[in-house]
Amino acid sequence: MLPDRGKMNSRWEGKTTLKKAHMFCKDTKTGNERNMAGKSAVLWKKVWFKYLAVRAKQKYPEIQLQIKEVFLICNALANYAKPNFMIFGAGYDTPLWTMCNRGGRTVFLEDDRAWYEKIKGLCPGAEIYPVNYHTVYSQWEELIDREEELQIPLPPAVMATPWDVILVDGPCGAYAWSLQQYGVEPPGRMASIFMASRLARNGGDIFIHDCDRTVERVYADRYLQTAHLQKEIRGRTIMRHYRLAR
Ligand SMILES: C[S@@+](CC[C@H](N)C(=O)[O-])C[C@H]1O[C@@H](n2cnc3c(N)ncnc32)[C@H](O)[C@@H]1O
């Protein structure tokens, strides 16, 4: 049963809805995390997350992900009781993910210090870690099989967590934009896609944004593999959803 629009507009009812969703999740027993939440809890969470997403898009029109891409990620998050959710690249969507995943853990990795400060100011409660990429975009072909060079140092707590859902929307992979804006090549997303493939738990959901671009597409094909592709959303760009099976 879906909440009616009147209820969705009430802050109190909304909170109750979210609480119910988490309560149902807590009541479920052991087994695969994905199947832990009851069907009704999953449905409530999907609806609630999408409501939050629409509100966030209204509040932060700068969010670059399209609403249908956000919805796809919301659906994956709703399948877990308390998801471990990691995002490569902070942005105006940071408050949205932090809010959606209040019951779980949400971690952001950001390499651009000025951008890090800006987003930290926007969402002080967010768990954002500064990271360093040692790649530059133009190395993408020579690095494709050099796994050691694609590794980036991350905090031990991040390395030790089996991530249920990962979104790769960073670091900057826009070559022309970066050259024009900063006068330097961007790091490219070679390392973040590689790290996502290693840090996701077995059966985890990985979303790769901007797969209309060569680097994202080629590295996703190489490290996440077409056999694991669940869905591809085409809009302003292409988002791919993979589910790993090791
Ligand atoms: C594409 S943005 C993240 C977008 C976010 N997921 C969204 O939907 O709004 C990812 C990376 O772009 C870089 N970046 C730097 N300056 C930026 C700017 N002015 N606008 C957007 N991204 C910027 C950041 O380093 C960030 O990690």
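Trainee: Which residue of strand 2 does Ile 87 stand opposite?
Mentor: In this predicted model, strand 1 (residues 84-88) and strand 2 (residues 105-110) pair in the parallel sense over five bridges. Ile 87 also stands opposite Leu 167, in strand 4. In strand 2, the residue opposite Ile 87 is Phe 108.

Trainee: In what order do the seven strands lie in the open sheet?
Mentor: The pairing in this sheet is mixed, and the twist averages 15° from one strand to the next. Strand 3 (127-130) and strand 6 (229-234) are the edge strands, since each pairs on one side only. The order is 3-2-1-4-5-7-6.

Trainee: Which strands does helix 4 touch where it packs on the sheet?
Mentor: Helix 4 covers residues 67-78. Its direction makes about 155° with that of strand 6. The strands touched by helix 4 are strand 1, strand 4, strand 5, strand 6 and strand 7 (238-243).

Trainee: How many residues of strand 4 are buried?
Mentor: Strand 4 (residues 163-168) is mostly covered. Strand 4 pairs with strand 1 in the parallel sense over four bridges, and five bridges join strand 4 to strand 5 (residues 200-208), again running parallel. The number of buried residues in strand 4 is six of six.

Trainee: What is the bridge partner of Val 165 in strand 5?
Mentor: Strand 4 and strand 5 run parallel and are joined by five bridges. In strand 5, the partner of Val 165 is Asp 205.

Trainee: Which residues touch the most other members of the largest nonpolar core?
Mentor: This core holds 58 residues, and its largest share, eight residues, comes from helix 3 (residues 39-59). Leaving aside neighbours within four places in sequence, Ile 166 is in contact with Met 86, Ala 196, Leu 199, Ala 200, Gly 204 and Ile 206. The residues that touch the most other core members are Leu 77, Ile 166 and Ile 193.

Trainee: At what angle do helix 3 and helix 4 pack?
Mentor: Two packed helices are described by the angle between their axes and the distance between the axes. For helix 3 and helix 4 the axes are 9 Å apart, and the crossing is right-handed. The angle is about 150°.

Trainee: By class, how many residues of each kind has the contact of helix 3 with helix 4?
Mentor: Among the contributors from helix 3 are Val 42, Phe 49, Ala 53 and Lys 57. Those of helix 4 include Ile 67, Phe 71, Asn 75 and Leu 77. The classes come to ten nonpolar, one polar and four charged residues.

Trainee: Why does Tyr 51 count as partly exposed?
Mentor: Tyr 51 is found in helix 3. A buried residue needs 20 or more other C-beta atoms within 10 Å. Tyr 51 counts as partly exposed because its C-beta neighbours inside 10 Å number 19.

Trainee: What percentage of contacts between residues at least 6 apart in sequence join residues at least 24 apart?
Mentor: The protein chain has twelve helices and seven strands. Of its 246 residues, 39% are buried. The share of those contacts that join residues at least 24 apart is 62%.

Conventions. Residues numbered from 1 in each chain as written. Predicted model: local features only at pLDDT ≥ 70, side-chain atom pairs only at ≥ 80, totals over all residues. Core = buried A, V, L, I, M, F, W, Y, C linked by C-beta atoms within 7 Å. Buried ≥ 20, exposed ≤ 12 C-beta atoms within 10 Å, placed from the backbone. Helix = DSSP H or I, 4+ residues; strand = E, 2+ residues; numbered from the N terminus. Contact = placed C-beta atoms within 7 Å. Axes fitted to C-alpha atoms, helices over the stretch in contact; angles between N-to-C directions. Left-handed = near helix turned anticlockwise from the far one by under 90°. Nonpolar A, V, L, I, M, F, W, Y, C, P; charged D, E, K, R; others polar. Pairing = 2+ DSSP bridges.
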